[in-house]
Amino acid sequence: MSIEVITPGLCTTVQDTGRFGFQQVGVSVSGGMDKQAVQIANMLVGNQQTDAVLELTMKGPSLLFHKDMLIAICGGDFKVTINNRSVLPNRAVWIRSGSILKFGLAKEGCRAYLAVAGGWDVPLVMGSRSTNLRGGFGGLAGRMLAAGDQLVQRSPGSFSQFLANQLAKRAGAAPFYQANWFIPSSTLVKNGEAVVRVIQGEQFADFSEKSRQSFFEQTYQVSPQSDRMGYRLTGPALELTQSMELISAAVTMGTIQVPPNGQPIILMADRQTIGGYPKIGYVPTIDLPIVAQLRPGEKIHFQEISLRDAQKELIERDSWMKAIKLGIEVTVGWR
């Protein structure tokens, strides 16, 4: 046993970057909602970017550590303490056995991610450790964490051990030690009214001119009836020029469907694998982390982007992620 759950938080699950290759048989990809935060949290502790982390939503858990561990917290800004002393996000932290890591409410953003060196040791199901809540499989018994649960850490790699040893030496007798290098939080969570880019969908031209204008010019609000499957938005109703009957087709994370009530839905990590509603657009991969950090009641403004420009920005972000990994290794003297 590596950690014990004292209180579980609102919705805490084991997630990685997703379960790919099974959508044709109706299995959702799942995985972390903010995959960029998952990847960065893993890099901060020397893991592979695809290793399993804990996803915390709105209110995090309290965890008792039964062994010394290297951890990192990334994503939304939660109030975090170890033994009642504040802990900073977006950096590596060494924590001593017997310490209690406590997450409060999210101050900014909606979700945070807790990575541990080596990742969490839960069974691989169809190539992933992610929890599918609707299907009841993956993660820890296919469900959210509960009080009394125990999680085990997988064996850390050589780089993770190197990082842990460095921080442990500096900790002395203290219950934890935080690295003095970090990823600036401004790169992870955007504040205020969210501007989210959208690529036109197959049925974009089938909506009325007024609806197409409203979609990009007006503001929408995230409904309380939103979850890991999809974000329901409220705002100007979108209308088709004529009724349509569509054959259900594959959907992906970021697909924006418009049901008969005209209120758009952004499909998210636990989405269904096919859908038959008209698709007005797609949120590109580069902007999905922004959507994942929105809370119910927050506002969203759509802005058009071409497929080419979205691909260009994604390539630039991938280069930025590689630069972060290299920067960490150089900073700590691994290279």
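Analyst: Start with a side-chain pair. A salt bridge is a side-chain nitrogen of Lys or Arg within 4 Å of a carboxyl oxygen of Asp or Glu. Here the side chains of Glu 55 and Arg 228 form one, at 2.8 Å from N to O. This is a predicted model, where local features need pLDDT of at least 70 and side-chain atom pairs count only at pLDDT 80 or more, while totals for chains, interfaces and linings use all residues. Residues are numbered from 1 along each chain as its sequence is written, and side-chain values use heavy atoms, with hydrogens and water left out.

User: Is Glu 55 buried or exposed?

Analyst: Buried means under 20% relative accessible area, exposed over 50%, partly exposed in between (1.4 Å probe, protein chains only). Glu 55 is buried, at 0%. Arg 228 is buried as well, at 6%. Salt bridges with shared partners join Glu 55, Arg 228 and Asp 270 into one network.

User: How many salt bridges does the whole structure have?

Analyst: A search finds eight. One of them pairs Arg 197 with Asp 287, at 2.5 Å from N to O. Arg 197 is in strand E11 (residues 194–200), and Asp 287 is in the loop between strand E18 (279–282) and helix H4 (288–292), 90 residues apart. Both are buried.

User: What separates Glu 329 and Lys 325 in helix H5?

Analyst: They are four residues apart in helix H5 (residues 307–331), which means about one helical turn. Glu 329 is buried at 6%, whereas Lys 325 is partly exposed at 38%.

User: Now the domains. Which residues belong to each domain?

Analyst: Domain bounds come from an automatic or database domain assignment. That assignment gives domain 1 as 3–188 + 322–332 and domain 2 as 194–304. Their C-alpha centres lie 30 Å apart. Domain 1 puts 26 residues into the contact, and domain 2 puts in 17.

User: How much area do domain 1 and domain 2 bury between them?

Analyst: Buried area is the accessible area (1.4 Å probe) that two parts lose on being put together, summed over both. The two domains bury about 1,700 Å², 46% of it on carbon and sulfur atoms. Gln 23, Met 33 and Arg 134 supply 34% of the area that domain 1 buries against domain 2, more than any other three residues.

User: How many salt bridges run between domain 1 and domain 2?

Analyst: Two. Helix H1 (35–44), strand E5 (69–82) and strand E8 (100–116) each supply at least two residues of the side of domain 1 that touches domain 2. The largest share of that side, six residues, comes from E8.

Notes: Contact = heavy atoms within 4.5 Å.
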